Structure formats: C-alpha cells, structure tokens
Amino acid sequence: ATFACGDDLDSFAAACRSGTSGIGPIPPERWRASDYADSPAASAPQRGGFVDDEKLVFPWRRFRVPPLQAQRMHPMDRLLFRCITRAIDHAGYRGPREKDADKAALPRAGTAIFVGAMGPGVDPTNPHALAFRRHEVADALAAAPSFARLPPASREAVNRWLDDALAGPSQGDQGDVSGSASILAGRVATLLDLQGMHMGVDAEAASALAALDLAVTGLRAGDFDVAIVGAISQWLSPATVALYRAVAPGLILGEGGGALVLERLASARERGGHVLAVIDGVAVAASGRSRVPSVPSEVAMANAARKAGATGTTTRVFALATGHAAWEASEREALSATFPGAAITSTTGLTGHVASAAGMASLIAAALAVADDGEATAVTAWSLSGVSACARLRAAPAGEAHPGDRARHSLDAAIVAMGC
C-alpha cells in the first residue's frame, strides 16, 4: 500500500513488522506554517503522514491517456489508479489492451469495482472540493465539544478561515481534480474498460470496510466473479488540517491508499491464483439513537463483530485508533468488551490517521499478518455518523478433505492480491 511508511507492498510490510513510522514534518514543497501565521492552520500539528506525490506517476502509455492530461490528474486519482493496477498485476491478471498470454484477462462484465473515499474536502486548490457546503462545515463544528470550548476569538478565526477557503481560487487552469468516490470508481472502470458494476462508498473512516462488505456480499451472491476494492484518503492541505484540528484535536493526519482483488476461494484455486487470506465475514452496524453518535459504540461494534463471525475465536484486532484521546478510550473499551483477551493493534502510528483509507491500511496489514502466522484476525473501524464495521480474516485452508468442506468453502471470499 502507498502510505507514508511505505510506498509499495514490500516497504509497507517491512514497516508493519518493524513498527517504523512514516509520520514526519510537513514537506516544504506542500506548504509552510509561516505562510499561514494568521490562520488556524498555524496552530495545528506541523506533522503528518505525507505521501511523496513525485512517486505517483500515472502509467499513461498503458491506458492511452495523453501525457498532459495524466500530468494534470489530481494526486489522489493517480494514487488510486496506481494501487488498483498494481493489485491487478499482483493477482496475475493482464490489464486492458495487454497481450500477455501467460496472464488471464479480467472478466470484462464480471468484474466489480468498489472505491472507499470521503467526499471532496475543504481544499483551496481543488475547485470541486468547494461543493463541501458552508452549512455542512458549520454543523460539523457546532457538534464538536472541543470547538465550543475555544475562545470566541478563536472560533471566529476558524470561521473566517473556512469562509476564505470555501471562496476558492480564482478561476483559471486548475487541471483535472479529484471528485467523489462514485466518480473515482467510474474513472477506474473507464480506464480498465470494465463493464461490471462500480460504486463509490463514503462512510468516513469505515469506508474501506463498508466497500469490502458490498464486494463480499456480491461475490457470494454470484453477482460478479472478481471484485476490486480500493480506498484512498484525502489529500492534505492547510484548510483540511485546520478543520480536523477544530473538530478533533490530537489527530495526526496522513495520506495514502491501497487496493485488494477478491475472488471466490474455489474460483481462485481453479485458476491457480495465490490466496493471501480468506474473509470469513464482514458486516456493518449502526449505533442507533445515541447521546454522542460520534463516539465509538460498544453496541454497534458488538453487532458488527457478531454478524461478521469475529467474536469468540479472534485473538488479534486491528483498530482505528485515531489519536483523539476520548475517542480512543471509548474505542478500546468497546473492543475489549467485544474481543475479550484479544491483542489490539493499529496502523495509525505508522501512517497517521488516513480517514477513509484507514480500514484499507488495516486490511492489508491484517492480511500480511495472517499470511505470516495464520492467526485469525479482526479488522474494525467506525465513523462519526455512528457506524461500526468489522471483518474477520483467516488463513486459507490447505485443502478440504471432504466434499462437504468443499461446498462450505466454495463461496468464501478470498484476497488474491494487494496493491499500492
């Protein structure tokens, strides 16, 4: 996966095993805090998990995209395409217009695409992001206790800064920019020349797991034969950092993304694909009426874990662990009650809080861990809207001894590739 701690699968895996963090100072080519001395961004943490956008080169020849258009693509679009194409290569499929006889072609009408991403953020370099309307920002701030505790002058400064950000840049040559999750999924389908269903999923930090839920459900139902699941974070800007600081102080933000290729276990083995892990179950649940919906709900977490079949035998859990003290305390309490005795870990210390890509970082790390030691592992995430999600991963069975076992496992969803 492409995150601050590793820009390919091998380096990300090495960072997960060694605990090497990619969090560091804001790169000077992005922005300098001194340039925003009079804005809330100046008092926000001057560290984060930044991706080197110079490495996000789009393979324009492969997709027959004019080089100027490829150069003008938003960095997060380039990141998503990079992750997905690498996952396809890792799975042993050939891409569009490729003629490698040693690789199978992706089923054109039988491949589905699910992209987890948050809607356009408050990014003054991105005119599409200005669709993040002023009243939505105001509602988010009003619901944040930490914002209410700020002195009146500080609250006014935040509001002035957001007004300026939402006013946007002057009209001019802004280039191609990132849009909503559904638009991103459509772009991927177009570039890959795939005719199956494609869908964007925005469930905040639970986006990747919610997208995985749709993919696994569709595979088991026979709606498609291959599912590509991708997730990316927002591209950080001074305005994004200022907004998150006002809503949730303590978060160290990050950038990144990743992708998985899923098939039914029986199909993957039939074509000779390498199975990295099997998804026993995945589910999404909501907290219902709650005094504070944004706090991780023990009820929602327990329901999602139960429906995913992750309770009772799971000994390792990858958690969201945002870095916000109150949220982390509530999350740990919910996880301890749902998975008693399980070891709780997280990738956030390596990547920063990567929002809609957080679940993808956890899924890839969990699949790597399962491949290493075979230990059943749960991945969890939750959103500010009160949603909790859970997936359970296990090692692929070496072989089924009886026909009944083959029938039982034939509909299992298998991770056959990961991409960054």
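Me: How many salt bridges does the protein have, and what makes a pair count as one?

Reply: The count comes to 11 salt bridges, where the rule asks for a side-chain nitrogen of Lys or Arg within 4 Å of a carboxyl oxygen of Asp or Glu. Please keep in mind that this is a predicted model, in which local features need pLDDT of at least 70 and side-chain atom pairs count only at pLDDT 80 or more, while totals for chains, interfaces and linings use all residues. Residues are numbered from 1 along each chain as its sequence is written, and side-chain values use heavy atoms, with hydrogens and water left out.

Me: Why is the contact between Arg17 and Asp372 called a salt bridge?

Reply: The N to O distance between the side chains of Arg17 and Asp372 is 2.9 Å, which is within the limit, so the pair qualifies. This pair links distant parts of the chain: Arg17 belongs to helix α1 (residues 9-18) and Asp372 to helix α15 (residues 358-373), 355 residues apart. Helices (H or I, at least four residues) and strands (E, at least two) are DSSP runs, numbered from the N terminus. Both Arg17 and Asp372 are exposed, a word used here for over 50% relative accessible area, with buried meaning under 20% and partly exposed in between (1.4 Å probe, protein chains only).

Me: What makes Arg108 and Asp193 a salt bridge, and why is Arg108 called partly exposed?

Reply: The closest N and O atoms of Arg108 and Asp193 are 2.9 Å apart, and they form a salt bridge. Arg108 has a relative accessible area of 42%, so it counts as partly exposed. Asp193, at 34%, also counts as partly exposed.

Me: How do you know that Asp280 and Arg392 form a salt bridge, and is Arg392 buried or exposed?

Reply: The closest N and O atoms of Asp280 and Arg392 are 2.3 Å apart. The pair links distant parts of the chain, as Asp280 sits in strand β10 and Arg392 in strand β14 (residues 387-394), 112 residues apart. Salt bridges that share partners join Asp280, Arg392, Arg394 and Asp412 into one network. With a relative accessible area of 9%, Arg392 is buried, whereas Asp280, at 25%, is partly exposed.

Me: Why is strand β15 called largely enclosed, and what makes β9 and β15 a pair?

Reply: Seven of the seven residues of β15 (residues 413-419) are buried, so the rest of the structure largely encloses this strand. As for pairing, six bridges join β9 (residues 256-264) to β15, and the two run antiparallel; a pair needs at least two bridges found by DSSP, so β9 and β15 qualify. Arg264 has Ala413 in β15 as its bridge partner. Strand β10 (residues 277-286) also pairs with β15 in the antiparallel sense, over three bridges, and Ile279 stands opposite Ala413.

Me: What about helix α9: why is it called largely enclosed?

Reply: In α9, 11 of the 15 residues are buried, so the rest of the structure largely encloses it. The buried residues include Leu209, Leu212 and Val216. From first C-alpha to last, α9 (residues 207-221) reaches 21 Å, close to the 21 Å expected. Gly222 follows α9, and its phi is positive, near 80°.

Me: Why is Thr351 called buried, and which residues is it in contact with?

Reply: Thr351 has a relative accessible area of 1%, so it is buried. This residue lies in helix α14 (residues 348-351). Contact means heavy atoms within 4.5 Å; leaving aside neighbours within four places in sequence, the contacts of Thr351 include Phe3, Phe12, Ile23 and Glu255.

Technical notes. Expected span 1.5 Å × (residues − 1).
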